[in-house]
Structures are given as structure tokens and as C-alpha cells.
Amino acid sequence: MNPIEVAAVAYMNRTDEADKLIRLRDALTRLNIKAALRENNTALMVTPPGGRGMPVWVFVGYGGQYYSWNSAGKRHPVSDLEGAAKVIAAYVCR
């Protein structure tokens, strides 16, 4: 690939990851869990209810196939958005 094609592919991957994080943020919001995108849309900060505990950073990893958090120790398929939101909500509420 030439440099322009490489840059285009990298941009598309970042855009796809940002879309997945936006959809996850919206799903968490429906569960009354506060989540905010990082400025460059590369991560989602999920805040425990009531401000208790540390926020959890969620990324799209493993080739765009999984949401991951806890230093990639936890993950859930991006194909199961509602399931991922429930698992992450349970994780921050523990």
C-alpha cells in the first residue's frame, strides 16, 4: 500500500472504533451509567454511580472485535452491544 492508502485505512479504523464507543456510551446512558468519550474518541471513561471508586476506561481492541477494560483483562464482543453495556455497568457498580 502507498502512504495515502495506509493513512486512509488507519482513519477508517479509528472512525469505526469511535462509532462503537459512541454506541456503547449511549447504551450505558440508557442504563443510567455515566460515560464520556475521550477528546480524540479513542476511549470511553465510565464513571461509577455516585462517584464512588475510580472510573473505568473502555477501549475497542483485538482488531475492533472487543470492548476491553481493566488493562484488557476484561473484554466483551462489540457484536453484543447491550450485553457489553450490562457487563460494564455491573463491573463499575461492584
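Tutor: Start at Ser-68. Setting aside residues within four places in sequence, Ser-68 touches Trp-57, Val-58, Phe-59, Gly-61, Tyr-62, Lys-74 and Arg-75. Keep in mind that this is a predicted model. Ser-68 sits in strand β4, so that strand is our part. Is Ser-68 buried or exposed? Ser-68 has 6% relative accessibility, so Ser-68 counts as buried, the cut-off being under 20%.

Now look at the partners of β4. Take β3 to begin with. β3 and β4 run antiparallel, and three bridges join them.

Next comes β5. Here four bridges join β4 to β5, again antiparallel. Find Arg-75 in β5: Ser-68 stands opposite this residue. β4 and β5 make a hairpin too, with four residues between them. Asn-70 lies in the turn and has a positive phi of about 60°.

Stay with β5, which covers residues 74-77, and find His-76 there. With 14% relative accessibility, His-76 counts as buried. What does the side chain of His-76 make a polar contact with? The partner is the side chain of Asp-80, at 2.8 Å. Beyond its neighbours within four places in sequence, His-76 touches Gln-65, Tyr-66, Tyr-67 and Trp-69, and also Gly-83, Ala-84 and Val-87.

Tyr-67 leads us to the core. The largest nonpolar core has 21 residues. Tyr-67 is among those with the most contacts inside it, along with Leu-24, Leu-28, Leu-44, Val-46 and Val-58. Which elements give two or more residues to this core? They are α1 (3-30), β2 (44-47), β3 (56-61), β4 (66-69) and α2 (81-93). The largest share, seven residues, comes from α2.

Finish with a contrast. Gly-50 lies in the loop between β2 and β3. Gly-50 has a relative accessible area of 76%, so Gly-50 is exposed, whereas Ser-68 is buried.

Notes: Residues are numbered from 1 along each chain as its sequence is written. This is a predicted model: local features need pLDDT of at least 70, side-chain atom pairs count only at pLDDT 80 or more; totals for chains, interfaces and linings use all residues. Side-chain values use heavy atoms; hydrogens and water are left out. A nonpolar core is a set of buried Ala, Val, Leu, Ile, Met, Phe, Trp, Tyr and Cys residues joined through side-chain atoms within 4.5 Å. Buried means under 20% relative accessible area, exposed over 50%, partly exposed in between (1.4 Å probe, protein chains only). Contact means heavy atoms within 4.5 Å. A polar contact is a pair of N or O atoms within 3.5 Å; within protein, one must be able to donate a hydrogen and the other to accept it, and residues adjacent in sequence count only if both atoms are side-chain atoms. Two strands pair if DSSP finds at least two bridges between them.
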